[in-house]
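User: I am new to this structure and would like a close look at its charged side chains: how they pair, and what surrounds them. Please take me through it step by step, and then on to the backbone around them.

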Amino acid sequence: MTQEFPPFLPFVRPEIDEETIQGVADVLRSGWITTGPQNEAFEKALSTFCGGRPVRTFNSGTATLEVGLRIAGVQPGDEVITTPASWVATANVILEVGATPVFVDIDPRTRNIDLGLLEKAITPRTKAIIPVYLAGLPLDMDRLYEIARAYKLRVIEDAAQALGSTWRGERIGKLGDIVSFSFHPNKNVTSIEGGALVVNDEREAELARKYRLQGITRKGFDGMDCDLLGGKYNLTDVAARVGLGQLAQIDRFTAKRRALARVYFERFGKGAARELGVGLPLADFENSNWHMFQITLPLERLSLDRAGFMQKMHETYRIGTGVHYPAIHLFTLYRARGFAPGMFPHAERFGASTLTLPLFTQMTDGDVARVVDAVDEICEHYGK
Ligand SMILES: *Cc1c(COP(=O)(O)O)cnc(C)c1O
């Protein structure tokens, strides 16, 4: 007997419309496929989105963070404060520029860096902070910048997940110091791979441009100089065309994600998962762009581990899930630098128990119901 399986539901899937696909074909036929007019248009659209601030595109949201640190003047010997609950790139870039990462634990409610613990981590060597807006939930931006101003610290916002998020009605990227976005396919807006750096003035924009491509400046037909050590981080025009098509739809994307998140809360309102102690994210429907919907599993009350839970979701229910993220300081590279279990208990607990459920713009309310039913059934079956 053959069993009818429902179609596989991934945890994320980009939505690229036909107009964008056609636009990419036009770029490919145009004769200019790397950084050029599409990037210029993408930078302009992003700048408008960020209230007119200067923006430079990059080939990743990792390159933007690294260059952001360089523009802020972070050097070997400097300390940079960040959260252990992020994609490892957030901390890796600190090592990349030769500085020292200093972690501060998260607030388990927001899953973002605990601003109440921030000041205790500041030393005379602290040069900058990299706050992360996990799942698109911003920090208390007033408090963050109050502290940054008081201690004269630069802020490089890792807003990789927060395009479309707001604080007091203003978009993330419009406020603040240096702001970094990513356009990886899992993010709310994609350019396949890519990133954008929002800076403060034309001097910083010029530095961003140089760091992006070998530190080169050209003048006239035959003038070239290189006056700083730059990388190779420019975005192709094919990618920028995808990003342009995506950015045009961001309000609809954000609205759809918020609506789906609301359905998750309704569906999780009752049932075996909640009874067993499955944790839900902070229900922020004002500021967050709902980049992800992440629950925490009550592992001490389940007779299967997270991998087993994910396998059940995948194989029995045909639903994809993800882990975002294991605590950075527990990775081998960071343990070798002296970090150890127990140092940041909230980030460790979150990293060990979090599970990202499907959330993307082409999902239906019925898909959300299917996911919550599956989580409920597994909790019912394996709860103890
Ligand atoms: C995606 C992401 C990055 C890195 O972006 P890439 O474009 O993949 O290099 C950095 N920080 C966070 C929090 C991210 O989610």
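Analyst: **Charged pairs and their surroundings**

Glu170 and Lys174 are joined by a salt bridge, with 2.9 Å between the closest N and O atoms. Because buried means under 20% relative accessible area and exposed over 50%, a residue in between is called partly exposed. Glu170, with a relative accessible area of 31%, is therefore partly exposed, and Lys174, with a value of 39%, is partly exposed as well. The model is predicted, so these values should be read as properties of a predicted model.

As a general point, side chains of opposite charge can pair when their charged atoms come close. How many salt bridges does the structure hold? The structure holds 14 salt bridges, and one of them is formed by Glu43 and Arg212, whose closest N and O atoms are 2.9 Å apart. Are the two partners buried or exposed? Glu43 is buried, and Arg212 is buried too.

A further salt bridge is formed by Lys210 and Asp227, with the closest N and O atoms 2.9 Å apart. This pair again links distant parts of the chain, with Lys210 in helix 7 and Asp227 in the loop between strand 11 (223–226) and helix 8 (237–247), 17 residues apart. Lys210 has a relative accessible area of 13%, which is under 20%, and so this lysine counts as buried.

Which residues form the negative surface patch? Glu275, Asp373, Glu377 and Glu380 make up this patch, and helix 14 (residues 365–382) gives the most to the patch, contributing three residues. Glu377 is found in helix 14, and its relative accessible area of 40% makes this residue partly exposed.

The strands show a different side of the structure. Strand 5 (residues 154–158) is largely enclosed by the rest of the structure, because four of its five residues are buried. Strand 4 (residues 126–130) is joined to strand 5 by two bridges, and the two strands run parallel. Within this pairing, Ile129 stands opposite Val155, which belongs to strand 5.

In a regular strand, the side chains alternate between the two faces of the sheet. For strand 13 (residues 354–357), both faces are covered: Thr354 and Thr356 are buried on one side, while Leu355 and Leu357 are buried on the other. Strand 12 (residues 293–296) is joined to strand 13 by four bridges, and these strands run antiparallel. Here Phe293 stands opposite Leu357 of strand 13.

Arg168 is found in the loop between strand 6 (166–167) and strand 7 (170–171), and its phi is positive, about 50 degrees, although the residue is not a glycine. With a relative accessible area of 63%, which is over 50%, Arg168 is exposed. A second residue with a positive phi, although other than glycine, is Gln214, whose value is near 60 degrees. Gln214 lies in the loop between helix 7 (202–212) and strand 10 (216–219), and is partly exposed, with a relative accessible area of 39%.

The loop between helix 11 (306–315) and helix 12 (332–335) contains Tyr325, and a cis peptide bond joins His324 to Tyr325, with omega at about 10 degrees. His329 is found in the loop between helix 11 and helix 12 as well. Is His329 buried or exposed? His329 is buried, because its relative accessible area is 0%, which is under 20%. The C-alpha atom of His329 is separated by 43 Å from that of Val27, a residue 302 positions away along the chain.

Key: Residues are numbered from 1 along each chain as its sequence is written. This is a predicted model: local features need pLDDT of at least 70, side-chain atom pairs count only at pLDDT 80 or more; totals for chains, interfaces and linings use all residues. Side-chain values use heavy atoms; hydrogens and water are left out. Patches are made of residues with over 30% relative accessible area and no salt bridge: like charges are joined within 9 Å, nonpolar side chains (Val, Leu, Ile, Met, Phe, Trp, Tyr) within 5 Å. Accessible areas come from the Shrake-Rupley method with a 1.4 Å probe; for residues, only the protein chains shown count as cover. A salt bridge is a side-chain nitrogen of Lys or Arg within 4 Å of a carboxyl oxygen of Asp or Glu. Lys and Arg count as positive and Asp and Glu as negative; His and the chain ends are not counted. The place of a charge is taken as NZ of Lys, CZ of Arg, CG of Asp or CD of Glu. Buried means under 20% relative accessible area, exposed over 50%, partly exposed in between (1.4 Å probe, protein chains only). Two strands pair if DSSP finds at least two bridges between them.
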